[in-house]
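Subject: Structure handover

Hi,

Here is the structure I promised to pass on. My notes follow below it.

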Number of protein chains: 2
Amino acid sequence: MEKSNTVLLAHGSGGKLSQELVRNMFVAELSNETLSRMDDSACLEIGGGRLAFTTDSYVVSPIFFPGGDIGKLAVCGTVNDLSTSGATPKYLSLAMIIEEGLAFEDLTRVVQSIKATAAEAGVCIVTGDTKVVNRGKADKLFINTAGIGVVPLGVQISGCNARPGDRVMLSGSIGDHGMAIMAQREGFTFKVPVESDCAPLNGLIAAMMRASDNIHVLRDPTRGGLTTTLNEIAAQSGVGIEIDELKIPVKDAVRTACELLGFDPLYVANEGKMVAIVAREDTDKVLTAMRANRYGVDAAVIGEVTFEHKNRVVLRTELGARRIVDMLSGELLPRIC
Amino acid sequence: MEKSNTVLLAHGSGGKLSQELVRNMFVAELSNETLSRMDDSACLEIGGGRLAFTTDSYVVSPIFFPGGDIGKLAVCGTVNDLSTSGATPKYLSLAMIIEEGLAFEDLTRVVQSIKATAAEAGVCIVTGDTKVVNRGKADKLFINTAGIGVVPLGVQISGCNARPGDRVMLSGSIGDHGMAIMAQREGFTFKVPVESDCAPLNGLIAAMMRASDNIHVLRDPTRGGLTTTLNEIAAQSGVGIEIDELKIPVKDAVRTACELLGFDPLYVANEGKMVAIVAREDTDKVLTAMRANRYGVDAAVIGEVTFEHKNRVVLRTELGARRIVDMLSGELLPRIC
């Protein structure tokens with residue numbers, strides 16, 4: 001494909017073109033050691049302690065969807081990104097870009113959702129900003145949250161830390177968020193309603209970290225889905241990853257929706273799931289801790305880290321075949337988060 | 001005026017309606033002690049130290065203008081907001097919402113400007129996010145930066161700390177940024193070109209703080225201009241403020257542009273100026289320090305804090321009259337920053 005002179009939707013997909021843009025533009029120009037790690041949170045030595053710092057903008061359309069809304073998403077996304085560095089999320093900023101004409105009723109609903117989600121996650125919104133742009137120059141509401149968390153002493157969790165022999169764990173079923181947005185956007189209804197899994201996972205992760213000191217990597221498989229996330233980890237750590245198709249939980253309704261619409265759940269976004277790469281010997285302890293949490297009841301061990309096929313993810317299919325699953329290329333569902 | 005059911009452009013003006021929205025919606029719903037102070041930065045006790053934390057989204061149109069661009073603005077704005085709490089700015093996040101179709105050439109120019117400004121300010125961009133939305137759902141490029149700074153031991157600078165007898169100081173001429181944007185947007189040209197004053201002021205503020213331990217308030221008069229900022233401070237501190245029209249520096253070109261277009265420079269946005277409220281006895285020391293810095297050569301003492309007319313700002317005019325100058329109501333220039 002010829003290189004585009006302009007930014008494409010796929011540059012925001014979370015997949016290949018996103019990675020390229022981030023690597024060749026932002027990391028290349030603004031290079032420093034922290035940014036180059038390309039983790040979801042930066043880990044900073046500051047004021048005698050270690051902090052995690054992260055940011056995400058949310059442009060999901062529609063702003064209300066089954067299982068959540070843009071406000072809940074904006075809190076969960078940033079709480080979860082902090083948690084993936086092993087940090088305890090503490091403080092969030094909240095910046096809104098509002099399109100002129102947004103109903104106050106909608107804004108209030110979003111703010112109340114932010115309040116409820118922040119309370120559940122135990123984080124405090126301490127600073128904010130509001131901009132309003134002319135009608136037609138944005139789409140209802142965009143939200144940015146940045147977050148600060150405290151990294152406990154001795155914790156070293158990073159996408160760079162996967163080691164051959166480690167097990168790949170997943171906190172529950174995949175594809176729920178993407179298919180919920182898709183259904184809402186297109187006006188589809190299913191016999192069993194598909195709801196977004198959008199949830200703050202800091203409690204789940206705290207429980208996992210109490211159960212084991214050998215969690216090497218944590219990452220939430222959002223844009224680009226499970227496969228893209230695993231590819232990122234394989235590349236960051238310079239290892240291979242093998243997963244079993246049969247072990248990956250997918251809800252029946254989501255599977256059906258994916259089949260009908262031609263999506264592969266492995267590439268569909270999640271907003272309340274966590275991938276953990278854990279030392280083999282601690283797998284059972286971590287699994288027990290995950291399943292005891294409301295957001296980890298369907299947790300499963302789905303694969304392992306290998307010496308072989310470095311930087312690649314291999315899927316063992318239902319029929320016993322093995323195929324390489326690459327990161328998302330192109331854009332599946334724009335504005336999923 | 002009847003209360004609107006929808007968000008108006010004036011809710012993003014930085015003036016009265018912005019204050020109402022922030023107070024009645026965000027602070028009311030998400031209330032906590034830090035947020036309720038309504039300073040430009042939150043001051044947090046974390047990891048044994050004190051940190052400043054702030055966020056701003058930038059939606060300026062056009063994205064390139066005389067004296068700067070949206071990237072430079074995004075770094076300066078957040079660096080300056082951190083500095084107003086007396087913090088040393090350290091780390092920035094960078095989140096971009098890009099409209100599909102933005103030229104890579106433009107994006108590159110913005111990123112290079114971010115790089116140069118961050119280098120000048122001595123801050124490091126450590127985490128980021130990129131979203132792309134469909135053509136027509138945003139306007140070229142919106143940027144959010146959040147920032148973390150370290151507050152030195154013993155420093156207590158807040159909009160709440162102005163005391164009667166303090167002097168009001170201003171680091172230079174007002175109205176440059178707003179008029180530069182206005183001229184660019186409307187295609188006006190002036191004999192003497194009007195340029196944005198957009199600049200990182202952390203060096204200036206560090207010099208002021210070395211000169212005096214008695215700087216009570218710092219704030220950058222951005223949206224809503226000098227008058228809105230002084231009104232905010234008067235209300236936060238529960239004091240009156242009197243300023244002298246003749247002592248406020250305004251460049252000739254800006255004054256002419258304002259007269260032609262019907263703007264009052266007191267309400268026009270600045271992006272490289274600082275208001276300081278300083279104990280009377282330290283005024284000279286601080287003024288000397290300011291004038292020795294490239295961003296403070298035109299610094300002046302423009303007024304004082306009073307017991308009288310609590311919560312109000314009074315302007316002594318050229319002709320010796322006195323009038324109350326309220327905060328901006330309505331919207332002067334949408335998307336100025």
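Phe190(A) is partly exposed, with a relative accessible area of 21%. The classes are: buried under 20% relative accessible area, exposed over 50%, partly exposed in between, using a 1.4 Å probe and protein chains only. Phe190(A) sits in the loop between helix 5 (176-186) and helix 6 of chain A. Helices (H or I, at least four residues) and strands (E, at least two) are DSSP runs, numbered from the N terminus. Leaving out neighbours within four places in sequence, Phe190(A) contacts Ala183(A) and Ala257(A); contact means heavy atoms within 4.5 Å. Phe26(A) is 164 residues away along the chain, and the two C-alpha atoms are separated by 41 Å.

**Before you read on**

This is a predicted model: local features need pLDDT of at least 70, side-chain atom pairs count only at pLDDT 80 or more, and totals for chains, interfaces and linings use all residues. Residues are numbered from 1 along each chain as its sequence is written, chains are lettered from A and ligands numbered from 1 in the order in which they are written, and side-chain values use heavy atoms, with hydrogens and water left out.

**Chain A overall**

Chain A has nine helices and 14 strands. Along the principal axes, the C-alpha atoms fill a box of roughly 55 × 55 × 45 Å. Of the 337 residues, 63% count as buried. Take the contacts between residues at least 6 apart in sequence: 84% join residues at least 24 apart.

Charges next. Chain A carries 34 positive and 41 negative side chains, with the centres of the two sets 2 Å apart. Lys and Arg count as positive, Asp and Glu as negative; His and the chain ends are not counted. Each charge is placed at NZ of Lys, CZ of Arg, CG of Asp or CD of Glu.

**Helix 9**

Which residues of helix 9 (residues 283-291) of chain A are buried? They are Thr283(A), Val286(A), Leu287(A), Ala289(A) and Met290(A). They cover an arc of only 165° around the axis, so they lie on the same side of helix 9 of chain A. The arc is that of the directions from the helix axis to the C-beta atoms. On the other side, Asp284(A) and Thr288(A) are exposed. The cover over the buried residues includes strand 8 (167-170), helix 6 (202-211), strand 11 (275-278) and strand 12 (300-306) of chain A.

**Gln19 and Met38**

Gln19(A) is in helix 1 (residues 16-29) of chain A. Gln19(A) is buried, at 18% relative accessible area. Not counting residues up to four places away in sequence, Gln19(A) touches Met38(A), Glu232(A) and Met327(A).

Met38(A) is also worth a look. Met38(A) lies in the loop between helix 2 (33-36) and strand 1 (42-46) of chain A. Met38(A) is buried, with a relative accessible area of 18%. Met38(A) has a positive phi of about 55° although it is not a glycine.

**Backbone points**

Most residues other than glycine have a negative phi, and most peptide bonds are trans. The bond from Ser61(A) to Pro62(A) is cis, with omega near 0°. Pro62(A) is in the loop between strand 2 (49-58) and strand 3 (64-65) of chain A. In chain B, the bond from Ser61(B) to Pro62(B) is cis, with omega near 0°.

Best wishes
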